[in-house]
Amino acid sequence: MGPDLVAAARLATRVNGGDASFAVADAAWVPFADASFDVVVGMNVLHHLSRPALARAVREAYRLLTPGGIAVFYEPVENSRVLGWLRDAIPAPATRKGRKGRPSILQRRAWQAYQAELDDRSLTTREIRRAAVSFAEVHARGYGVLVRLKRFVGEGRRKRLPELDARMLAAVPFLERFGRHVLVVSRKAPATAV
Ligand SMILES: C[S@@+](CC[C@H](N)C(=O)[O-])C[C@H]1O[C@@H](n2cnc3c(N)ncnc32)[C@H](O)[C@@H]1O
């Protein structure tokens, strides 16, 4: 988290009467002792890291966890080359004020300029799984297949897409691999009795 988000989290904690401490650190080098936490959570962070930094950040999560602790990562992913290419081929208009749209990969110059400004990259579920190799268990679940279509449908249908997605994935779990997001829950082995 950056300092701006920490300020927002501090405010949310105060408003809700909570009690929490905050620190800003690089996910790949977290200044806490081994086994300091029962749970480590990362949301939409790993896809901002280079491959080596991602592997290092997941190793850090492992180091920081107590035995039996869990690491939870929720990230945008693209597991299908075909869907990834299609997504990049169709230009996306700016959805929010102050945000730029995305050109098509077929518009070479505009695409290169767009890529040069990016501070994130495409991830796959496999890359996160590989980074989590030290964990005793790794469970990955994909979400958001139909929500890929949100740009192409009207407001009414757009609101229904998450519900339709949930129903479709419950009926055909195999399609999870085509989801735009993944939730990866990894558990560190519990301490063994001696
Ligand atoms: C897309 S935002 C996600 C923020 C929030 N987790 C959410 O889901 O709304 C990406 C966040 O990753 C953080 N980030 C980027 N590189 C990082 C790094 N090396 N270590 C820790 N955080 C990092 C940024 O500061 C930013 O807060």
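Is Thr66 buried or exposed? I looked up its relative accessibility: at 18%, Thr66 counts as buried. Buried means under 20% relative accessible area and exposed over 50%, with partly exposed in between (1.4 Å probe, protein chains only).

The model is predicted, so I noted its limits: local features need pLDDT of at least 70, side-chain atom pairs count only at pLDDT 80 or more, and totals for chains, interfaces and linings use all residues. Residues are numbered from 1 along each chain as its sequence is written, and side-chain values use heavy atoms, without hydrogens and water.

I placed Thr66 in strand β2, residues 65-76. Strands (E, at least two residues) and helices (H or I, at least four) are DSSP runs, numbered from the N terminus. Beyond neighbours within four places in sequence, I found Thr66 in contact with Ala35, Phe37, Asp38 and Lys188. Contact means heavy atoms within 4.5 Å.

Next I checked helix α1. Its buried residues are Val6, Ala9 and Thr13. Seen down the axis, they fall within an arc of 60°, so they line one face of α1. The arc is that of the directions from the helix axis to the C-beta atoms. Asp4, Arg14 and Val15 are exposed on the other side of α1.

Then I turned to the ligand. One of its nitrogen atoms is 2.8 Å from a polar backbone atom of Ala27. For Met43, I read 2.7 Å between a backbone N or O atom and a ligand nitrogen. An N or O atom in the side chain of Asn44 is 2.9 Å from a ligand oxygen.

Definitions and conventions: A polar contact is a pair of N or O atoms within 3.5 Å; within protein, one must be able to donate a hydrogen and the other to accept it, and residues adjacent in sequence count only if both atoms are side-chain atoms.
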